[in-house]
Amino acid sequence: MSELRPEYSVWAFSDVLDTQLCECDHVTFEEAIRWFKHHTTNVAAKRGITSRVIITDSGDCIVAEWKHGKGVIWPKEGSA
C-alpha cells in the first residue's frame, strides 16, 4: 500500500499582466513553503508585478495567502 502524503500547489497572480500561474504542483508542504517564500520576496513581488501568492492543499483550500502591499494575510500572525 502506498503512503498517502499531502499535496500542495503554489499559485502566483499578477494584476499587471492579468495572469495566474501554477508555480509548483503536487509538492510537500515544506517545498510549497520554499516556493511561497521565493515568490513573495523576489523582484516581481517587490515591484508589485506579483499581486497575490497562495498555497492550496489537495482539496483546493487556501492554507497560506500573501498580497502585495499587505504581506501574509492568511494565516493571521499568532494563529495556530
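These are my notes from looking through a predicted model of one protein chain.

**Ground rules.** I number residues from 1 along each chain as its sequence is written. Because the model is predicted, local features need pLDDT of at least 70 and side-chain atom pairs count only at pLDDT 80 or more, while totals for chains, interfaces and linings use all residues; side-chain values use heavy atoms, with hydrogens and water left out.

**Fold.** I looked up the secondary structure and got 2 helices and 5 strands. Helices (H or I, at least four residues) and strands (E, at least two) are DSSP runs, numbered from the N terminus. Along the sequence the order reads β-β-α-α-β-β-β.

I checked the 80 residues of the chain, and 30% count as buried. Buried means under 20% relative accessible area, exposed over 50%, and partly exposed in between (1.4 Å probe, protein chains only). Next came contacts (heavy atoms within 4.5 Å). Of those between residues at least 6 apart in sequence, 33% join residues at least 24 apart.

**Two Asp residues in loops.** I found Asp-18 in the loop between strand 1 (8–14) and strand 2 (19–27). Its phi is positive, about 55°, although Asp-18 is not a glycine. Asp-18 counts as exposed at 70% relative accessibility.

Asp-60 sits in the loop between strand 3 (52–56) and strand 4 (62–67). Phi of Asp-60 is also positive, near 65°, and at 63% relative accessibility Asp-60 counts as exposed.

**A cis bond.** Which form does the peptide bond from Trp-74 to Pro-75 take? I noted it as cis, with omega near 0°. Pro-75 belongs to the segment after strand 5 (71–74).
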